[in-house]
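Student: Can we go through this model together? I'd like to start with a pair of helices.

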Amino acid sequence: MQATTSKRFLVTLAVLLGTTVIPWLFYAKLQNQDYGLNFGLDLRGGASITYRVQATGEQDQATVLKDAIRVTQFRVDKFGVSEVNIFESGSNQFTVELPGRGKEEIDRIKNIMSKVGSLEFRIVAKPEVVSAETAKREREKEAYAPSKGFRWYPSDEGREYLLEVPDHAARADLEAARASGDAKAIADAEKQLKDVTDRYVWTGKDLESVSYGRTSIQEGGGPNDYEVYFSINPGRKSAFGDFTGENIERQMAIVLSDSVHTAPVIHSKLPGQGKIYSSSNPYTQQTAQDLQTVLQSGSLGAKPEELSSFVLGPGLGEEAVRRGMWALGVSTLLVVITMVLYYRGAGWVANLAVVLNLVMTLGILMFLGAALTLPGIAGLVLTLGMAVDANILVNERIREEKAAGKSLAQAITAGYDRAWITILDSNLTTILAGLVLFWVGTGPIRGFALTLMLGLAISMFTACYVTRTIFAWGLEKGVLTEFRMAPVMALPAFRYTSARSTTIGLSAVLIVLGTAFFALRGRHEKYDLEFTGGQRVVLSFGETVSIAEVKSALEGAGLAETGVRTIRGRGSDSEHLDLATGSDSFEITGRTEDEESGRAFEAGVRKALGKHLLPEGIVWREPGPKDDKGLVPVSAVLHVTTPGATVEAVREALQASELLKGASDLKVEPGEPVKGAAAFVLSAKVTPPGSADLEATLRKEVRKSVGANPALEISEPVAQSDFIGPGVANRLREQAILAVILSTLAQIVYLRFRFRDFTYGFAAAIIVAHNVLITLGFVAAADAFGIAHVKINLPVIASFLTLIGYSVNDTIVVFDRIRENLGRRIHPDSALIDRSISDTLARSIRTSVTVFLVAIALFAFNWGGTSSIEGFSFVMVTGVFTSAYASVFISSPLLLFLPVYSRSLKALGQPVVLGLIAALFAGLGIAATQQGAGAVAGGVLASLLPLHFLYYLALWLRQPDPDALLLQLEEQEASAAVA
């Protein structure tokens, strides 16, 4: 016994060290890398932008995607953006993640990214040609076409340029020659096109190098003016000299994705190199660097299309971390207290297992380098509640074995042996849901699924191995001599199956009313942005504003079709706000078709509500010229929303910055106060950060150093901005439907394998549908009446999938006890089912209470915020009650009815049955993805099998004896076997 216990302790220690200490040593010591939790963008703040690049013609899609990523990486790196993560997110998509970046820098990067298309150099037409073409266009109107060799191009400033395009004319001549079939004409046209292309066509591929610098004062530029230098590839230097020599004192347009970015004048012949500057509108350091990046990144065959974007201010991310960690801490405390009250000393052992579970899960996440997201925190919290279930199963089994007269050692051994199969079944069904979610999910949802699966897998080890090791050691050392637990409340014997008509009738009413209420709500009322597409903007005000005033301002600006929701602000009095009337923070959503209209919507919202908005967090002032020591004077106004912020606190925070701690003459002075924020003017002389953008670097350093001080919070008028295109929304919706269907099918198949009877699998599937539909009705009602913000989005779908796993978990515990009590019989009767429910009722109540406490803590700390956990936790709060009720009152009658119903199905014939099942799943898919008549048709198709089921269920419920038809069926089966 001693050798076995020692071996168990060694295994436990090895697993614990392998998931915590050893990875830390490996990363921190051997690899010289940081080892710690990596927070996702929804916790750190920053941006995630997804682009699509579609190959055309003979282009290879994989090559186009790789080129787009390469160019994007180059462009973003040129801005000095650190910690950028660019990765493929589909066969024709890539995602750019920019953690911790301020909104101003992100907008600038998105603007530069919009110009990743082809790059060309074109000569602007002569003034007399422009005048003639303009007059011709006004005269001919719709019938107008530019003269051969010319084309109008729009510009970034909103005007138009007429550019010379001799290659277009030559290409048109070649097409005409090919149409004529004249071989000589074709050869002449091909030669002409090649000559024109070699002489007049210049693209980004012809550039050798690009840089920028300050214009010298002697050349007429101001001290803050910049210019861009470039050189041509050696093989084309001479040709470029001839090209520019022919066009001296004419404008050369730089064309990006068929739009003129700038059109500088060629002042002299450029033998392979030159510089670009503007005397009328001098370049700043930022605009010069932007142009350098545009030129240097070269030419790309396909222009990326922005599909979706997520922008979260660092302050809102810090608030999400705070709320998430509070929820995790309070949930852990509630679990600890509950287990000690239930099981006394054994409860402390279970608590140790739960803490080890949490530590080991976090250790593996660190080792994998997985980012902890907001849904990931929800997965951790939920794992706490569900991990306790295994300990409760074991402890309740030990209680039963002791009550049966066994010794303590025998009771512990039998308790673990008998509980193991139930723990395995219940956890694997939830892990199956997690696998499906991880497979079809994206981003944070995959993080949630990974966290949940890791937590459940580890909980099986800690609950069934670690705690057993501790009990074995206690028995061996004589420390454990008794197993005290809180007494189970004596419940009178109850015929649960006899209440089948009442409970199934109540469920039917709730399902019909809830489903109808959900179906009748508008698409944009019940689905969140992820499933409808559009723009979301979260605004922070300097004062409390009423909902009516916000809606009135938006309607006055022509933004009537918007969604307006109050959210809990971050001020000291935010917990006391009446969110039904107003707030200092609002979420505004609108229907937009593309990223450009999304930006226009955000701009319109900001303009309409501008008088209420907090000021920009950092207002940059143009730097002065370098001094003789190479230092650049910088200045900015910092707006802080923390009440009572002082100059000393701001200065102390800024001195922690890498850029400012060595700065000369760092000064912080009070500025002009504004509504909702205190102003501080900072100035210093700093060493420029190499090739990185000075403004972007300073903004990042200020946000980082001030944000590290919990007593200071930088103003964020737009705390969050998201855009999701309609195509992405449709894809996400389809993925969600696929996840639910696949998860349910996987669990049916698993239960068929474990119980060797499809009756149990179909009963579990019906329980899942029952719980999901009832919870869906509560979700729709809660969102409609303002109880909670629970629109259907990916985190809510994740919660429904978790609820599916939890529902099956609850049901399996009862099914396992029925199977154990069944013996050699084929079908259980009502008396056996009632006894099995009574045997497991204590476990069901205690598990439900524990998980409910965890879910309610999660909901309480995220209610009224922008956090996606609000809807997630509300689903779990309502789902826990629904699941506990269904596992007792709905699953038991189904085991009596389904064998009888299967005979009715067999009478229809296998082809008809398969057709009904196919119609069910196809109809669900159609109803969820279509609108109007299509959705109705899908609903009708999906209802065929349920209506057939409900008809025979109604007939069965009219039987006074629930066992009568089942006994009749068993007699017929026995007769058939004898025959």
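**Helices, loops and side chains**

Tutor: Helix 7 and helix 8 run roughly antiparallel to each other. That label applies to angles over 145 degrees, while under 35 is roughly parallel, 65 to 115 roughly perpendicular and the rest oblique. This is a predicted model, where local features need pLDDT of at least 70, side-chain atom pairs count only at pLDDT 80 or more, and totals for chains, interfaces and linings use all residues. Residues are numbered from 1 along each chain as its sequence is written, and side-chain values use heavy atoms, with hydrogens and water left out.

Student: At what angle do the axes of helix 7 and helix 8 cross?

Tutor: Roughly 165°, and the axes come within 9 Å. Axes are lines fitted to C-alpha atoms, for helices over the stretch in contact, and angles run from 0 to 180 degrees between N-to-C directions. Helix 7 covers residues 166-180 and helix 8 covers residues 183-200. Helices here are DSSP runs of H or I with at least four residues, strands are runs of E with at least two, and both are numbered from the N terminus.

Student: Which residues of helix 7 meet helix 8?

Tutor: Among them are A170, L174 and A177. On the helix 8 side, the residues include I186, A189, L193 and V196. Contact means heavy atoms within 4.5 Å.

Student: New topic. Where does D206 lie?

Tutor: D206 is in the loop between strand 8 (202-203) and strand 9 (207-214).

Student: Buried or exposed, this D206?

Tutor: D206 is buried, at 11% relative accessible area. Buried means under 20%, exposed over 50%, and partly exposed in between, using a 1.4 Å probe and protein chains only.

Student: What does the side chain of D206 reach?

Tutor: It reaches the backbone nitrogen of T203, at 3.0 Å. D206 is also in contact with V201, I232, N233 and R236, leaving aside neighbours within four places in sequence.

Student: And R817, which helix is that in?

Tutor: R817 sits in helix 24, residues 794-822. R817 is buried too, with 8% relative accessibility. Its side chain makes a polar contact of 3.1 Å with the side chain of E400. A polar contact is a pair of N or O atoms within 3.5 Å; within protein, one must be able to donate a hydrogen and the other to accept it, and residues adjacent in sequence count only if both atoms are side-chain atoms.

Student: What does F755 touch?

Tutor: F755 touches Y760, F815, D816 and R819, not counting residues up to four places away in sequence. F755 and F815 are 60 residues apart along the chain, and their C-alpha atoms are separated by 8.9 Å. F755 lies in helix 22 and is buried, at 8% relative accessibility.

Student: Last one. What follows helix 6?

Tutor: K141, with a positive phi near 55°. Helix 6 has 14 residues.

Methods:
The expected span of a helix is 1.5 Å times one less than its number of residues.
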